[in-house]
Each structure stands twice: as C-alpha cells, then as structure tokens.
Amino acid sequence: MQVRVGLIVWGITGLLCASAPVALAQRGGKAQPETAEAVAKERATALLAQGNGKLDQGLYVEALALFEQAFSTFPSPKLHFNLAQTLYELGRHPEALLHYEQFLQGVSEREMSAQWQRANRRVFELQGKVATVVVQCSASGAEVKLDGAVVGATPLSAPLRLSPGRHVLILDKAEHERHVVELELRGGDIRTERVELLTAEQAVQRRAEFQRVEAARHAAERKLLGEREAGQRASMRRRSTLRTAGWVTVGVGAAVAIGAGVTAEISRRAAAEVSDAPEGTPWVELQASYDRVATYRRASYVTAVASLAALAGGAGLLFYARTFHVPAREARSALVPEVSADGRMGLSVQGRF
C-alpha cells in the first residue's frame, strides 16, 4: 500500500512542478528575480517531496503535516488528493471524504484521469461509511460546536461529515438559550437537524407554555386513570354479584334436586304398598296409595327438570362471572396534550378501546 500511494503522490508532485512558470526570465541579458508565486510553488514542491518520502515509510502523521504545510504555502486544488489519500490511510474518513470531493470539484478528469477516477470511487465508498448532518438554525451567527470543538457559525456553508457513533452538537448565541443535540449516527446516515434558538424572553414564554401543557396532560391522565379505576371497581362489583347469584342458583338447584329425590322415594314407596298388598285387599284401602304414586311421580319429574335448569343457570352465571369484563360501552378515552422531544406541542388520544 505504501509504494502504491507514494507513486500517486509523486505523480502529483511532478504535475505541480510542471505547472510552475519559469523562475527566471531573460530581459536584456539580465536575470529577473523569482516571483512570489514561483517561490511558493517551489516551496510547496519541496514539502510534497518530503511528505512523499514520509508516506513511503508509512509515517502517515508526519506526511499529513507536510502536505498540510504545502497546501497552506500554495493552495492548489490538486493537493486535496494528497491530503485525502493520507487521511484515508489514517482512518479519518470524514476528512478524507471532504478532500476527495474538493479534489473532484477543483480538478477536471481530463487533467488527472487516474487520480480523478480513484477519488470518485473513494467518494462512493466513504459515503457509505460516513454520516452527513445538515444543521439548520433559526438564528444566524450562532456558534456551532461538535464534540466540544467549534466547527463554524450558522448558517454553515456545508453539511457536517461525521464518523458513525455518538456525537454532541451545541448551538450557542449571545442572549439566546443554548441548544444541545445528542446524535447517534450510523454509516451512510443523512440527517437534518432543525434548531430553533430562542431569546431569553421567548424561552420564558415557551417554558410557561410547556408547563401549562404538562399540567393539562397530567390532569387528563389523572382523570383517565380515575375513570379506569372506577370502571375496574364497577367490574369487580358486578363480577362479585354474578358470582354470588351463580352460587345461590346452584344451591337452589341442589335443594330442588333433593326435593326431587324425596318425591321420587315417596312415589316408589306408595307403589310398593300397592304391589305388596295381600291378595284380596279391598280397593278402597289401596286407592289412596295408588293416587300418591301418580302425584309424587309427576312432582319428582317437575322438580328434577327444575333442578337441572337451576344447576345449569348457576353454572352459566359462575362462568360468566369468571370471564366478565367491562362492556365496550364503558370504554373511556381522552385527548391528552403532549410535548414532543423537539419542543412541538400537540394532542394524543389515550384510553381503553
């Protein structure tokens, strides 16, 4: 990797040298002094050569410092490629992406075809590794800090390019409330942060409005909770009533079943008296027993049916009590004021449906 990158940088160094004008001009047989531009180009070329040597040795930090010095000496757009390559090797992808883009904007593909195509591929690669954050602010001239370092003032001239992970964005302006934004970014994210900076007076009014909305929200929630608890208590009372009625009905059914058994036993005994009577017993003596057989048999049938009906009804009441819930007509809902994370106010619907 070192040899390949070094060859590319040497190529750019050669192009930079080739673009320099002739240092001396002959006029009347006398040598003219070098221009300031020629001196800057010569100095930048020397720094590029030194940076290239450091790059071939794998000393990326030292190479970067030399390339930055060369760019500050003579800011040629071609030097963005050197800076981008070194930053890429250092793993500083957001900065590398910025320099690759500046190289593509400042140098045509016809001038440096191989480097231009390589930079274009790197831009495509890094756009999937770097997050982009566009900062929009309601106030101009607000200082923007990213992770504690000042990156400019609003409106920012370009989006922020950030490595994936957690970042803290702070916007601050005199006589305005400071605004802090916590960012959790992934590679390839493109996000717009719209920040409204408020004056001290506006902030006081906004806080008062928030407090009013919060108080209304808490009141609505308390009301909704009270209605919900009242519904639950009513449900418990009705469930208890149903359970009691079910057990009472089961008890009545059991008692009626006992009565059916008693009448059946009386009918059986009366029938036994008739069938066991000695031969020749007058009918007058047996007629009363015979009549009791028919009467108590009908009574036992009726009470048996009534017992089954009562037992079935009691069981049904107990089952309903077990599965009973508040009917749909007792559902409650409410419009509750809400304040979103970005300070916007609205309404939400809460309740049971």
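What follows is a short chat about the whole chain and a few selected spots.

Q: What kind of model is this, and how are residues numbered?
A: This is a predicted model, where local features need pLDDT of at least 70, side-chain atom pairs count only at pLDDT 80 or more, and totals for chains, interfaces and linings use all residues. Residues are numbered from 1 along each chain as its sequence is written, and side-chain values use heavy atoms, with hydrogens and water left out.

Q: How many helices and strands does the protein have?
A: It has eight helices and eleven strands. These are DSSP runs numbered from the N terminus: helices are H or I with at least four residues, strands are E with at least two.

Q: How much of the protein is buried?
A: Buried residues make up 31% of the 353 residues. Buried means under 20% relative accessible area, exposed means over 50%, and partly exposed is in between (1.4 Å probe, protein chains only).

Q: And what does the accessible surface come to?
A: About 21,400 Å², with 57% of that belonging to carbon and sulfur atoms. The areas come from the Shrake-Rupley method with a 1.4 Å probe; for residues, only the protein chains shown count as cover.

Q: Let's zoom in. Where is threonine 154?
A: Threonine 154 sits in the loop between β5 (149-153) and β6 (160-162).

Q: Is threonine 154 buried or exposed?
A: Threonine 154 counts as buried because its relative accessibility is 7%.

Q: What is it in contact with?
A: Leaving aside neighbours within four places in sequence, threonine 154 is in contact with Cys137, Ala139, Ser140, Gly141, Ala142, Val144 and Leu171. Contact means heavy atoms within 4.5 Å.

Q: Which backbone atom lies 2.9 Å from a polar atom of its side chain?
A: The backbone nitrogen of alanine 142.

Q: What about the peptide bond from threonine 154 to proline 155, cis or trans?
A: That bond is cis, with omega near -5 degrees. Proline 155 is also in the loop between β5 and β6.

Q: New topic: phi. What is the value for aspartate 147?
A: Near 55 degrees, which is positive in a residue other than glycine. Aspartate 147 is in the loop between β4 (143-146) and β5. At 43% relative accessibility, aspartate 147 counts as partly exposed.

Q: And what is phi for glutamate 175?
A: Glutamate 175 has a positive phi of about 65 degrees, although it is not a glycine. Its place is the loop between β7 (165-172) and β8 (179-185). Glutamate 175 is exposed, with a relative accessible area of 70%.

Q: Now rings. How many aromatic pairs does the structure hold?
A: Two. The rings of phenylalanine 81 and tyrosine 100 have centres 6.2 Å apart and planes at 75 degrees, so that pair is edge-to-face. Rings of Phe, Tyr and Trp (its six-membered ring) pair if their centres lie within 6.5 Å; planes under 30 degrees apart count as stacked, over 60 as edge-to-face and the rest as tilted.

Q: Are phenylalanine 81 and tyrosine 100 buried or exposed?
A: Phenylalanine 81 is buried, at 0% relative accessibility. Tyrosine 100 is buried too, with a relative accessible area of 0%.

Q: What about phenylalanine 81 and phenylalanine 103?
A: They form a tilted aromatic pair, 5.2 Å centre to centre with 55 degrees between the planes. Phenylalanine 81 is in helix α4 and phenylalanine 103 in helix α5, 22 residues apart, so the pair links distant parts of the chain.

Q: Which residues form the aromatic cluster?
A: Phe81, Tyr100 and Phe103 form one cluster.

Key: A polar contact is a pair of N or O atoms within 3.5 Å; within protein, one must be able to donate a hydrogen and the other to accept it, and residues adjacent in sequence count only if both atoms are side-chain atoms.
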